[in-house]
Amino acid sequence: MSVSFEHLDPRDGTSLLRERVERLRSSLDWAREAIPASIRTDLHAAVERCDERLHLGIDWTVVALAGGTGSGKSTLFNALVGVPFAVSGVARPTTSQVSAAVWGSDQSDALLDWLGVSPQRRLRRADSPEAGEDPALTGLILLDLPDHDSINPRNREVVDAIIPMVDLLLWVVDPQKYADHAIHAGYLQAASDSGQPSLVVLNHVDRLTTEDGWAVARDLQRLLADDGMVDVPVMPVSARTGQGVDVLRAELEGAVQARSVAADAVAADLVEAGRTLERALARDADPVLPDVAELVASLTAAAGVDARAESAAAVVAGRASSVPAPSPMRREIVDRERLDWIDAASEGLPVTWRIVIGEAVAPATMLTDEIQKALSAIEWPVPHRAPSFLRRRSRAGAFQKDMVALGRDAVRGAITPLVVQPTELIHQAYRNLDELTEIARAEGPGPLAPPRGDDARSPVADSPAAPADDEETGARS
Ligand SMILES: Nc1nc2c(ncn2[C@@H]2O[C@H](COP(=O)(O)OP(=O)(O)OP(=O)(O)O)[C@@H](O)[C@H]2O)c(=O)[nH]1
Ligand SMILES: [Mg+2]
């Protein structure tokens with residue numbers, strides 16, 4: 001059985017996450033006042049956390065080799081990397097500084113800084129072509145950690161800080177010490193409890209017969225199962241001979257194809273944000289933009305354009321000799337039209353959203369001023385009495401229509417940025433936030449529980465390298 005990565009979305013989800021975080025941020029900006037302060041604080045905190053994680057680059061998959069001193073972490077690191085970068089040795093403990101191998105050329109520095117890997121201990125696989133680049137591992141960061149049970153307390157601190165941040169934990173054990181409860185009781189148990197994928201690497205199998213190797217692997221599997229870790233596979237390998245290293249590398253390829261824990265955390269944060277938001281939104285509300293043409297027509301008429309066009313038409317028709325000076329715009333009509341618009345635009349939304357739309361839409365005084373300004377900038381056609389009696393009627397009608405159209409165009413131009421666009425923005429913010437609540441509802445109630453495989457078979461790796469006979473020390477082909 002392979003370690004389970006099913007609960008991680010594919011990498012393509014990354015840009016989607018970025019977009020969602022951006023939408024959440026801009027929607028919060030637009031709809032600030034529509035959301036109660038306490039909810040807003042939580043949402044801002046979620047956006048900040050997401051930002052921090054996205055900034056670190058969530059396309060990386062971080063895998064750590066951890067375990068007791070002498071279990072062979074550094075040797076295995078070198079076997080996987082293909083070059084002797086990590087220092088392995090007989091002195092105990094050997095490793096005190098974390099080494100990282102990075103497959104891929106994207107920016108990984110921020111993430112490595114965050115993980116506390118010093119610049120001298122970073123190996124870029126792209127810089128070591130002699131070892132042969134493996135494209136299937138692009139995006140992998142492999143870490144060689146110090147021993148967790150060190151006599152050096154600093155080593156333990158480093159391990160404690162890094163393990164929770166990794167996507168996959170490779171717990172390396174020595175067959176001579178595997179039965180020690182302490183090897184899996186702490187870190188592996190914590191990883192298992194929090195849904196962090198992990199895998200136990202039974203190293204040094206070149207020192208066992210095939211039979212003993214399998215027996216130890218099965219026994220170790222049983223010990224893990226006794227502690228409730230039924231999903232943790234055991235893989236027998238030999239870092240020294242290379243036996244089983246290909247199978248382990250295939251597991252790493254699987255992990256790389258999966259989304260990183262950071263991406264998972266962002267997604268979980270967004271789901272949580274959605275749940276929080278549900279309290280500030282109305283279920284199933286779908287804001288609709290009111291009829292713009294109707295508003296334009298009413299305001300144009302309120303500005304006196306229709307009356308003026310009618311008088312002009314009367315001149316063309318020969319029923320009047322001049323067009324009276326325009327009367328000032330009627331503010332109370334603007335007021336009423338504006339409120340009708342806000343009511344229609346906030347239909348079905350919580351009352352706070354009506355207030356926000358009301359604040360986003362320009363006040364009636366400003367609307368009146370801007371409409372009048374736009375109308376006074378028009379070069380109105382001068383009406384003349386039509387020469388032919390027969391044509392007067394149709395000419396007058398056309399003249400009137402043209403004038404009204406001119407006026408409406410100007411009014412539309414004036415109210416679009418003052419009324420229509422702000423309403424659309426608030427509606428969009430509502431829809432963006434509502435989309436998050438939909439996602440949260442789709443996830444079901446409660447915290448995200450990563451689905452685990454229900455495979456009841458023994459989690460001992462499906463096709464591990466068979467532990468070697470004493471005589472057989474060559475690498476598995
Ligand atoms: N026979 C055998 N020896 C191994 C194997 N893996 C590692 N060793 C040896 O075990 C010793 C310890 O290996 P390291 O890789 O330094 O172990 P480590 O887990 O990194 O140890 P610390 O850095 O102290 O935590 C070295 O002498 C290695 O050559 C293996 O699979 N088979
Ligand atoms: Mg080491």
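First, the ground rules. This is a predicted model: local features need pLDDT of at least 70, side-chain atom pairs count only at pLDDT 80 or more, and totals for chains, interfaces and linings use all residues. Residues are numbered from 1 along each chain as its sequence is written, while chains are lettered from A and ligands numbered from 1 in the order in which they are written.

Now the overall picture. The protein has 16 helices and 7 strands. Those are DSSP runs, numbered from the N terminus: helices are H or I with at least four residues, strands are E with at least two. There are 477 residues, and 43% of them are buried. Buried means that 20 or more other C-beta atoms lie within 10 Å of the residue's own; exposed means 12 or fewer; partly exposed is in between, with C-beta atoms placed from the backbone. What about contacts? Two residues are in contact if their C-beta atoms, placed from the backbone, lie within 7 Å. Take the contacts with a separation of 6 or more: residues 24 or more positions apart account for 80% of them.

On to the ligand. How many residues surround ligand 1? The number is 23, and the closest are Gly72, Ser74, Ser88, Pro93 and Thr95. A residue counts as near if its C-beta atom, placed from the backbone, lies within 6 Å of the molecule or strand. By class, this shell has 4 nonpolar, 13 polar and 6 charged residues. The classes work like this: Ala, Val, Leu, Ile, Met, Phe, Trp, Tyr, Cys and Pro are nonpolar; Asp, Glu, Lys and Arg are charged; the others, Gly among them, are polar.

Helix H16 spans residues 389–443, and its axis comes within 8 Å of the axis of helix H14, residues 351–360. They cross at roughly 150 degrees. So H14 is roughly antiparallel to H16. For reference, under 35 degrees is roughly parallel, over 145 roughly antiparallel, 65 to 115 roughly perpendicular, and the rest oblique. The axes are lines fitted to C-alpha atoms, for helices over the stretch in contact, and angles run from 0 to 180 degrees between N-to-C directions. From H14, the contact uses Trp353, Val356, Ile357 and Ala360; from H16, Pro422, Thr423, Leu425, Ile426 and Tyr430. That contact has 8 nonpolar residues, 1 polar and no charged ones.

The axes of H15 and H16 come within 9 Å and cross at roughly 140 degrees. On the H15 side, the residues in contact include Met366, Leu367 and Glu370. On the H16 side, they include Gly407, Ala410 and Val411. The class count is 10 nonpolar, 2 polar and 1 charged.

Among the residues in contact are Val292 and Leu295 of H11, and Val404 and Arg408 of H16. Here the tally is 9 nonpolar, 2 polar and 2 charged.

Now some single residues. Glycine 68 sits in the loop between strand E1 (61–67) and helix H3 (73–81). Is glycine 68 buried or exposed? It is buried, because 22 other C-beta atoms lie within 10 Å. Proline 146 is 78 residues away in sequence, but 8.3 Å away in space, C-alpha to C-alpha.

Histidine 204 is in the loop between strand E6 (198–202) and helix H8 (210–226). Its phi is positive, about 65 degrees, although it is not a glycine. Histidine 204 is also buried, with 27 other C-beta atoms within 10 Å.

Leucine 54 belongs to helix H2, residues 37–56. It counts as partly exposed, because it has 17 C-beta neighbours inside 10 Å. Leaving aside residues up to four places away in sequence, leucine 54 touches Arg18, Val21 and Val266. Alanine 263 is 209 residues from leucine 54 in sequence, yet their C-alpha atoms are 7.6 Å apart.

Last one. Glutamate 310 lies in helix H12, residues 305–317. With 15 other C-beta atoms within 10 Å, glutamate 310 is partly exposed. Glutamine 400 is 90 residues along the chain from glutamate 310, and their C-alpha atoms are separated by 5.9 Å.
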